[in-house]
Amino acid sequence: MTPAPPSAPRMRPTVIVSTYNQPRWLEKTLWGYAAQTHRDFELLIADDGSGPETAATLARVCGETGLAARHVWHADDGFRKTEILNHAIRAATTDYLIFTDGDCIPRRDFVATHVR
């Protein structure tokens, strides 16, 4: 009998969500990540200087859903989305990065499709 081949290590991606002063859309997006079929992912919110309502929304939704998102933020000094994305890339702890925006609600299999 031939032994089964070793299984490939399971990939753990990082999802980086960019946002700026759109907490209602971010909330919908976060609920989409809370409903993912593949739950083993890191979630970083790359915030280009939003006000305190965004941080409060993030904390509330994470508390309600059990998401463990990290808020990567810098002060609002004009449009610097690429800079905050670079900060989020440096903060990521995985090698596979998925980028999206804070007004894009993911399908339930969004992360699973990337992992597959």
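Visitor: What makes up the positive and negative charges of the protein chain, and how far apart are their mean positions?
Guide: Lys and Arg count as positive, Asp and Glu as negative, while His and the chain ends are not counted. Each charge is placed at NZ of Lys, CZ of Arg, CG of Asp or CD of Glu. The 13 positive and 14 negative charges have mean positions 7 Å apart. By the way, this is a predicted model: local features need pLDDT of at least 70, side-chain atom pairs count only at pLDDT 80 or more, and totals for chains, interfaces and linings use all residues. Residues are numbered from 1 along each chain as its sequence is written, and side-chain values use heavy atoms, leaving out hydrogens and water.

Visitor: Why is the pair of tyrosine 33 and phenylalanine 110 called edge-to-face?
Guide: Rings of Phe, Tyr and Trp (its six-membered ring) pair if their centres lie within 6.5 Å; planes under 30 degrees apart are stacked, over 60 edge-to-face, the rest tilted. Here the centres are 6.2 Å apart and the planes sit at 75°, so edge-to-face it is.

Visitor: How do you know whether tyrosine 33 is buried or exposed?
Guide: Buried means under 20% relative accessible area, exposed over 50%, partly exposed in between (1.4 Å probe, protein chains only). Tyrosine 33 is at 0%, so buried; phenylalanine 110, at 23%, is partly exposed.

Visitor: What makes lysine 28 sit over the ring of tryptophan 25?
Guide: The rule wants NZ of Lys or CZ of Arg within 6 Å of the ring centre and within 35 degrees of the ring normal. The charged end of lysine 28 is 4.5 Å from that centre, and the pair counts as sitting over the ring.
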